[in-house]
Amino acid sequence: MADGTPQFTVSIAKTEEELREAQRLRYQVFVTELGGGGEMVDHVAGLEQDKFDPFFDHMLVRDDSTGAVVGVYRLLRGDQAARMGQFYSEDEYDLAPLRQSGRKLLELGRSCLHADYRGGMAMFHLWNGLAAYVADHGIEVLFGVASFHGTDVSALAQPLSMLHQSHLVPEDLRVRSKTYQPMDLLPPDQIDRRRAMLETPALIKAYLRLGGFVGDGAYVDHAFNTTDVCLILDTARMNERQSRIYTRGQGDA
């Protein structure tokens, strides 16, 4: 990274090359770092890609000093999913409660930052860009799968049990894992909340701080070497303090 405080630009990919930039960063994070895979991953070109990419909007965070894409988010509105024929998450979760809600939906996925930019301002700009997108499109419910690294569910008993016990989505939006992996692995009196939060990925904790919930059951994704939960954020249920964080224009740098 360049000396001084980096300046960032947030945009939606418009060209094939910009999409490739997103896929290259995803390859670095999801394949090289985390050991993920997939039938369309291009190991020669270093691209993490799938059949859904042409239907999504791809949000890019670019370091202005280097021109490099250092953060990405993949976004799929309900109207785009209609053209695709499904949401990405529908391979893992029954989304009928969301589809039947009549609300304007936005599916989130493939969020990642370059290793050198984690814990800094790049994530703030990614969130701000997402908040602007939500406002522009009148989105009411955001959702998507978020991942724990690894497929050993017993090793994730603390965070999964905590999520089920304390953050299960209300019944009206309760999606359910299709290949059902129970999350209530420990009784309430055996959950160490501090340990559970320490073992929970930062992205999931960010959604919880905003008032997010999880669906019923996890999904073990052996191809991607992850254990997934479905996160749901209902903008109508966010309290005033939380929604202020997520309102367009707050804290713009």
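**Figure 1. Helix 5, a mostly covered helix in a predicted model.** In this predicted model, helix 5 is mostly covered, with nine of its eleven residues buried. Those buried residues are Ala157, Gln158, Pro159, Leu160, Ser161, Met162, Leu163, His164 and His167. What do the buried residues of helix 5 pack against? Their partners are strand 6, helix 6, helix 7, strand 8 (213–214) and strand 10. As you trace the helix, keep a general rule in mind: an α-helix has 3.6 residues a turn, so residues three or four places apart point the same way.

**Figure 2. Ser161, a residue of helix 5.** Let us zoom in on one residue. Ser161 sits in helix 5, which covers residues 157–167. Is Ser161 buried or exposed? Ser161 counts as buried because its relative accessibility is 1%, and the cut-off for buried is under 20%. Leaving out residues up to four places away in sequence, Ser161 touches Met183, Asp184, Leu185, Leu186 and Ile191.

**Figure 3. Thr200, in the loop between helix 6 and helix 7.** Where is Thr200 found? Look in the loop that runs between helix 6 (193–198) and helix 7 (202–209). Thr200 is buried, as its relative accessible area is 3%. The side chain of Thr200 reaches the backbone oxygen of Ala196 at 2.7 Å. Setting aside residues up to four places away in sequence, Thr200 also touches Phe148, Pro159, Met162 and Lys205.

Figure 4. The buried residues here include Ile204, Lys205, Ala206, Tyr207 and Leu208. Lys205 is also one of the residues that Thr200 touches. After helix 7 comes Gly211, with a positive phi near 95°.

**Figure 5. Gly150, between strand 6 and helix 5.** This view shows another loop residue: Gly150 lies in the loop between strand 6 and helix 5. Gly150 is buried, with a relative accessible area of 15%. What does Gly150 touch, not counting residues up to four places away in sequence? Its contacts are Leu156, Asn225, Thr226 and Thr227. Tyr219 is 69 residues from Gly150 along the chain, and the C-alpha atoms of Gly150 and Tyr219 are separated by 12 Å.

**Figure 6. Helix 4 from end to end.** How many residues does helix 4 have? Running over residues 121–137, helix 4 has 17 residues. From its first C-alpha to its last, helix 4 reaches 25 Å, close to the 24 Å expected at 1.5 Å a residue. Helix 4 is mostly covered, since twelve of its 17 residues are buried. Among them are Trp127, Tyr133, His125 and Asn128, along with Gly129 and Val134. Just after helix 4, Gly138 takes a positive phi of about 60°.

**Figure 7. The largest pocket.** Here the view turns to open space, with a volume of about 1,200 Å³ in the largest pocket. Of the 44 residues lining this pocket, the closest to its centre are Ser111, Cys112, Ala202, Leu203 and Ile204. Which elements each supply at least two residues of the lining? They are helix 1 (16–33), strand 3 (69–77), strand 5 (105–113), helix 4, strand 6 (141–149), helix 7 and strand 10 (226–234). Sorted by class, the lining of the largest pocket has 27 nonpolar, eight polar and nine charged residues.

**Figure 8. The second largest pocket and Arg110.** The second largest pocket has a volume of about 390 Å³. Of the 18 residues lining this pocket, the closest to its centre are Gly38, Asp50, Tyr88, Asp91 and Arg110. Its lining divides into seven nonpolar, three polar and eight charged residues. Arg110 is found in strand 5 and counts as buried, at 11% relative accessibility. Most residues other than glycine have a negative phi. Arg110, although not a glycine, has a positive phi of about 50°.

How values were computed: Residues numbered from 1 in each chain as written. Predicted model: local features only at pLDDT ≥ 70, side-chain atom pairs only at ≥ 80, totals over all residues. Heavy atoms only, no water. Helix = DSSP H or I, 4+ residues; strand = E, 2+ residues; numbered from the N terminus. Buried < 20%, exposed > 50% of the residue type's maximum accessible area, 1.4 Å probe, protein only. Polar contact = N/O pair within 3.5 Å; in protein donor to acceptor, adjacent residues only side chain to side chain. Contact = heavy atoms within 4.5 Å. Expected span 1.5 Å × (residues − 1). 1 Å grid on protein atoms, 1.4 Å probe; cavity = no way out; pocket = protein on both sides within 12 Å on 5 of 7 lines; lining within 4 Å. Points joined across faces, edges and corners; volume = space filled by probe spheres on them. Nonpolar A, V, L, I, M, F, W, Y, C, P; charged D, E, K, R; others polar.
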